[in-house]
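Subject: Model handover and notes

Hello,

Please find the structure below. My notes on what was found in it follow.

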Amino acid sequence: MNDAPDLYAADLHGSLRDPVLGAISFLNEVMDRHPDAISFAPGAPHPDFVQGLDPHALTERFLTHLRTVRGLDPARAERTLYAYGPAQGLINDLVTEALRTDQGIDAAPDDVVITVGAQEAMLLTLRALYRDTSDLLAVADPCYPGIVGAARLLDIPVTDVREGPSGLDAGHLAARCRQARAEGRRIRACYVAPDFSNPGGARMPLAARHALLDLAEREDLFLVEDNTYAFTAAEDEALPGLKALDTRRRVVHLGTFAKVGFPGARVGYAVADQRVGHSTGERSLARELAELKTMVTINTPPLSQAVVGGLLLEHGGSLRALARRKAARYRANLARLTDALDRHLTDGMPPGISWHRPAGGFFVRVELPVPADDALLEVSASRYGVLWAPMRQFSLTDRGDRQIRLSCSYLEPDRIETGVRRLAALLTQEAAG
């Protein structure tokens, strides 16, 4: 019997050997090995918000909408839930109305495609925009690994753009554009999360948003806007997203119901109102994404869309109303985390420890005086019972080598307090030594 492998890694696609694809798996493995450790690692929604969720009642609410608003007879409405359904989606009208009401995004249902989470929206958007490998994707650094992973799967070259406390550095993006032109290439699109980015937690001021849109127009590039954490801003401190400010159709806006609804639905969306010319006329970029989707997931499960549609209808068609209670909880957890850091990571701590104070989102970034590598994480979990995410897993450079990401979304307040005390013990002993 031949004991040789059937395949060798070198013969498979290079993305399978890319470290970005292993980042999430690594954290899951560490959590599995240390189930009793307090974990600041996952950016998952709090489990309390799925208690009492009634998918059947929400589905019935959506069926009523199909019958009374769209005029479907009862049998046809019910069949809609059990068929494949249109690739572009079933709840586009509800999503566009919510975006118009809550975020000032004026899009038609045909400008939206409903996806299997925001991750699919990223993959489809990149596949549509990138014709060949002469075009580059710029990403804020540090960056959510899902967009980099999608680019790797599609062989799209990626370049980093610095992100600071005020979000993506537009000046650095302009420099990257000049560098690309000097090399005979161009930056086709830039991925950016202007509100409480994952993992950096940065937020772009209004003036910076306008400046980025102006730069996109000058450089003839598209902005892929990730809107995942914008809902956590206090309502009196909300800023318009890039798409709400976009008068020149430079922004493809990506969103998800994982955080404002629940992650198990696996429903996201892309607002892609750019006009695409064909010999027979024009249609929206969203229609093009839907064509690609037929070769990926075919359609987003109608039952999942029905539950999400029911959630929107139950909250008056408003994303803001749907998210209000969750946003308050996450802001309270964030305040508890930064307060605990203030109390436990100051007096008697080694020099070189600092953290930022975001006004929203799930994450706090902490600077350490020592490398925040996998070895330190293993010590943290096994000896001190606390887990976190190394920022180097989110960076294309060495900027995150001495930083960690703490997520506050999944934990109870007392666990946040205990976890920070354990982190302080780790830093007192390991960093000082």
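How many nonpolar, polar and charged residues are in the lining of the second largest pocket? By class, this lining has twelve nonpolar, six polar and seven charged residues (Ala, Val, Leu, Ile, Met, Phe, Trp, Tyr, Cys and Pro count as nonpolar, Asp, Glu, Lys and Arg as charged, and the others, Gly among them, as polar).

The model is predicted, so local features need pLDDT of at least 70 and side-chain atom pairs count only at pLDDT 80 or more, while totals for chains, interfaces and linings use all residues. Residues are numbered from 1 along each chain as its sequence is written, and side-chain values use heavy atoms, with hydrogens and water left out.

Pocket

The second largest pocket has a volume of about 440 Å³. Of the 25 residues that line this pocket, Asp102, Gln103, Ala230, Phe231 and Arg320 are the closest to its centre. Helix H4 (92-103), strand S8 (251-256) and H12 are the elements that give two or more residues to the lining, and H12 gives the most, with six. Helices (H or I, at least four residues) and strands (E, at least two) are DSSP runs, numbered from the N terminus. A pocket is, on a 1 Å grid over the protein atoms alone, an open set of points with protein on both sides within 12 Å along at least five of seven lines; a cavity is a set where a 1.4 Å probe fits but cannot get out; lining residues have an atom within 4 Å of a point. Grid points are joined across faces, edges and corners, and a volume is the space filled by probe spheres set on the points.

Cavities

A search of the whole structure finds two cavities of 30 Å³ or more. The largest has a volume of about 40 Å³, and its lining includes Cys143, Tyr144, Glu163 and Asn198. That lining divides into seven nonpolar, two polar and one charged residue. The second largest cavity has a volume of about 30 Å³; among the residues lining it are His46, Phe49, Lys259, Phe262 and Tyr330. Its lining has seven nonpolar, two polar and two charged residues.

Strands

Strand S3 (residues 135-141) pairs with strand S4 (residues 158-164) in the parallel sense over five bridges (two strands pair if DSSP finds at least two bridges between them). Aspartate 141 has arginine 162 in S4 as its bridge partner. S4 also runs antiparallel to strand S5 (residues 167-168), joined by two bridges, and a hairpin of two residues connects S4 to S5. Glutamate 163 is bridged to leucine 168 in S5.

Elsewhere, four strands form an open antiparallel sheet in the order S12-S13-S16-S15. Strand S12 (354-355) and strand S15 (389-390) are at the edges with a single partner strand each, so one side of each has no neighbour in the sheet. Strand S13 (residues 363-367) and strand S16 (residues 403-407) pair over five bridges, with valine 366 opposite isoleucine 404 in S16.

Helices

Helix H12 (residues 319-344) lies across S12, S13 and S16, at about 20° to S13. Contact means heavy atoms within 4.5 Å; axes are lines fitted to C-alpha atoms, for helices over the stretch in contact, and angles run from 0 to 180 degrees between N-to-C directions.

The axes of helix H2 (residues 55-68) and helix H11 (residues 302-314) come within 7 Å and cross at roughly 80°. That makes H2 roughly perpendicular to H11 (65 to 115 degrees; under 35 counts as roughly parallel, over 145 as roughly antiparallel and the rest as oblique). Among the residues that meet are Leu58, Phe62 and His65 in H2 and Val307, Leu311 and Glu314 in H11. By class, this contact has seven nonpolar, four polar and two charged residues.

Regards
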